[in-house]
Every structure is written in C-alpha cells, then in structure tokens.
Amino acid sequence: MSVMVKESPISETDMIAEAEKALADISRIRDGVGRVIFGQESVVERTLVALLAGGHALLVGVPGLAKTKLVETLGIVLGLDSRRIQFTPDLMPSDILGSEVMEQDETGKRSFRFISGPIFAQLLMADEINRASPRTQSALLQAMQEYHVTIAGARYDLPAPFHVLATQNPLEQEGTYPLPEAQLDRFLMQVDILYPEIEAERRILLETTGIEDAKAQNVLQSARLKEIQTLIRRMPVPESVVEAILTLVRSARPGQGNAETDKLVAWGPGPRASQALMLCTRARALYDGRLAPSIDDVRALAEPVLQHRMALTFAARAEGTSVRDVVAKLAKGI
C-alpha cells in the first residue's frame with residue numbers, strides 16, 4: 001500500500017517513464033561530479049539529495065576537503081547560475097541582498113534603482129556562514145525560507161530553483177557566531193565532510209598536481225532540475241516508510257515515552273524534520289536508481305536530517321555522548 005502527499009494527475013505509466021528519464025539524467029550528474037570530486041561518495045550523495053529534494057544543505061568540515069570545489073562543480077554540472085559569498089564579521093545584509101542607489105538622468109530628475117546582490121543566484125555558496133553577524137545571517141536565512149527579499153518596501157523574488165550550500169569549520173570557533181537552532185532548522189540536511197580514504201587521496205595527488213586539472217562539464221539545465229524536483233514530490237511513499245519516519249522523529253523527542261531519549265535529549269526535532277525525511281528518502285531512492293523509497297533510506301538519512309535539529313542534555317554531553325550516537329541507536333530501532 002502506498003500513500004501520496006498530494007493527488008497527482010499523472011498516470012502510473014507516465015510516472016514510470018518520467019522516473020526512468022530522471023534516472024538517466026541523475027546518472028549523468030553522478031558521472032559529471034565524479035570526474036572532478038574523487039571519493040567522498042557519501043558527501044556527494046547527500047549534497048545532491050538535498051538539491052534534488054529542493055532544499056539547502058550545511059556542509060561541515062575542516063579546511064581543504066574540497067567543499068568549495070564541490071559547490072563549484074555542482075553549479076557547472078547542474079547548469080545553475082552559482083555565486084560565492086565569503087562571510088566575514090563586517091559583512092552587512094546589503095552586501096548579500098543588494099541595495100538602492102540614487103541616480104540622476106539627463107533632465108536632472110532623481111530616482112532610486114535597485115542593484116541586486118549576490119543572493120540573486122540559483123546556487124549560492126555561503127562560505128563560513130558562522131563568521132557573519134547574526135543580523136547578516138538572519139537576512140540570508142530569511143531569504144532561504146521565503147525565496148524573496150524586501151528592499152525599501154519592494155519585494156524581489158529570487159531565481160528558481162534557489163539553493164544555498166553553506167559551509168562551516170567545526171574546529172575554529174573564535175570570532176564566530178553560531179547559528180541559532182531555529183535557523184539551523186531551515187537547512188534540509190547537515191552534511192559532515194570527513195577526510196578522504198587513502199585510495200581517493202592517492203588519486204587526488206595524481207590528478208590535481210599536474211599541468212591540467214579535470215574540468216567539470218555541464219550535463220543538465222536548471223529547468224530540467226526543477227522538473228526532477230517536481231517528480232520527486234510526486235513519487236509514492238510506502239506506508240511502512242511513512243510509519244518509520246514518524247517513529248524515528250517522534251522517538252527523538254523527549255516526553256514521548258522513550259526513557260533513553262528523555263535521559264539524553266534536551267529538545268528534539270519538529271515536524272520539519274519529518275517533512276525533510278519524506279522528501280530526502282524519495283530523492284535518495286531516485287539517486288540510487290529506485291522508483292520508491294525504503295526504510296533503509298530513512299536509516300541512511302537519519303543522521304544528516306536529524307543531527308542539527310536536536311540538542312543533548314548536559315549529563316549526556318558530560319558522559320561523552322554525541323548526537324550521532326543517539327540518532328544511530330534510534331535509527332536501528334525502526
């Protein structure tokens with residue numbers, strides 16, 4: 001038995017045909033990214049799943065792990081207008097959103113003209129987002145949620161599709177402004193980037209220290225990406241997967257009858273986490289060449305979807321317990 005979030009007019013035959021076409025496109029995307037990004041299959045998968053699901057992702061990793069290269073490559077491969085903002089403590093909201101300037105024509109008449117900022121892109125890299133002040137962070141994160149900005153009372157819609165891939169360095173915290181929990185919740189996933197495996201690092205050494213580096217090639221257009229995102233929202237979800245999502249997310253909240261969660265978790269994920277899992281499991285299934293998600297998809301995505309939407313108690317942190325440990329144990333129970 002399957003359930004749908006919305007009734008779709010598309011027939012089952014057309015749905016399968018569209019899905020098979022999308023599978024071929026996603027395969028070309030994977031190949032295109034793999035020519036430039038070596039190893040890090042899990043990172044590439046999760047980041048692409050976030051984009052295919054129509055959301056934003058927070059990339060967390062130490063310097064030198066190709067976060068910037070990954071975003072640049074995705075922009076080229078997916079045919080998106082991409083831009084990068086290097087966040088600093090003195091960055092102002094107008095540096096991101098844009099501002100109005102006064103102009104005077106040949107008759108002497110003065111008027112204001114809006115000059116758009118770098119946020120008017122389809123793929124925006126917010127590099128070291130936690131280095132900007134809360135005021136600047138909130139300006140970006142509001143746009144991420146509402147997909148438009150308001151300048152001097154006038155509304156300006158952002159391009160579609162619009163995605164933000166923000167990065168953070170987990171080690172250096174001096175001079176930074178940690179994102180508040182409510183703003184972290186706006187990221188579909190938190191993708192942790194670890195050091196590459198030895199074979200991947202060997203290939204990095206051989207491929208990137210010669211005269212020519214591998215160049216990314218465009219394989220998709222932004223309009224086609226939007227079509228795939230719409231298809232993902234139409235994909236049927238088995239009842240067992242819906243129940244697994246509900247069980248997982250609710251078991252991560254204190255006060256829901258799980259004694260271990262009550263002991264370890266100070267506050268848990270809200271309904272937005274359930275929505276994120278619904279979208280991401282569909283996108284992961286399609287990314288993996290399947291036409292419907294499974295409970296294994298829920299387990300695989302539990303950590304990136306939930307870890308930034310939870311906080312542990314002081315006692316749990318004092319004992320050395322991490323959010324990943326808690327999520328992993330909960331995921332095994334579904």
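Me: In the hairpin of strand 4 and strand 5, which residue takes a positive phi?
Reply: That residue is G108, with a phi near 95°. The hairpin has 5 residues between its strands. Please note that the model is a predicted one.

Me: How do strand 4 and strand 5 pair, and over how many bridges?
Reply: The pairing is antiparallel and runs over 7 bridges. Strand 4 covers residues 98-104, and strand 5 covers residues 110-116.

Me: And what stands opposite M102 in strand 5?
Reply: The residue facing M102 there is F112.

Me: Moving on to D127: where is its place?
Reply: D127 belongs to strand 6, which spans residues 123-127.

Me: Is D127 buried or exposed?
Reply: D127 is buried, because its relative accessible area is 7%, and the cut-off for buried is under 20%.

Me: Which side chain does the side chain of D127 join in a polar contact?
Reply: Its partner is the side chain of T167, and the polar contact is 2.6 Å.

Me: Changing topic, which residues does UniProt list for "domain: ATPase AAA-3"?
Reply: According to the UniProt record, an unreviewed entry, that domain comprises residues 56-189.

Me: How far apart are the end C-alpha atoms of residues 56-189?
Reply: They lie 7 Å apart.

Me: How many cavities of 30 Å³ or more does the structure hold?
Reply: The structure holds 1 such cavity. The space in the largest cavity is about 40 Å³.

Me: What residues line the largest cavity?
Reply: The lining consists of I37, Q40, V43, V44, L65, A66 and L70. By class, 6 of these residues are nonpolar, 1 is polar and none is charged.

Me: What about the second largest pocket, what volume does it have?
Reply: Its volume is about 680 Å³. The pocket is lined by 23 residues, and those closest to its centre are L184, Q190, Q307, H308 and M310.

Technical notes: Residues are numbered from 1 along each chain as its sequence is written. This is a predicted model: local features need pLDDT of at least 70, side-chain atom pairs count only at pLDDT 80 or more; totals for chains, interfaces and linings use all residues. Side-chain values use heavy atoms; hydrogens and water are left out. Two strands pair if DSSP finds at least two bridges between them. Helices (H or I, at least four residues) and strands (E, at least two) are DSSP runs, numbered from the N terminus. UniProt positions are given in the numbering used here, feature names are shortened, and annotations may be inferred rather than shown by experiment. On a 1 Å grid over the protein atoms alone, a cavity is a set of points where a 1.4 Å probe fits but cannot get out, and a pocket is an open set with protein on both sides within 12 Å along at least five of seven lines; lining residues have an atom within 4 Å of a point. Grid points are joined across faces, edges and corners, and a volume is the space filled by probe spheres set on the points. Ala, Val, Leu, Ile, Met, Phe, Trp, Tyr, Cys and Pro count as nonpolar, Asp, Glu, Lys and Arg as charged, and the others, Gly among them, as polar. Buried means under 20% relative accessible area, exposed over 50%, partly exposed in between (1.4 Å probe, protein chains only). A polar contact is a pair of N or O atoms within 3.5 Å; within protein, one must be able to donate a hydrogen and the other to accept it, and residues adjacent in sequence count only if both atoms are side-chain atoms.
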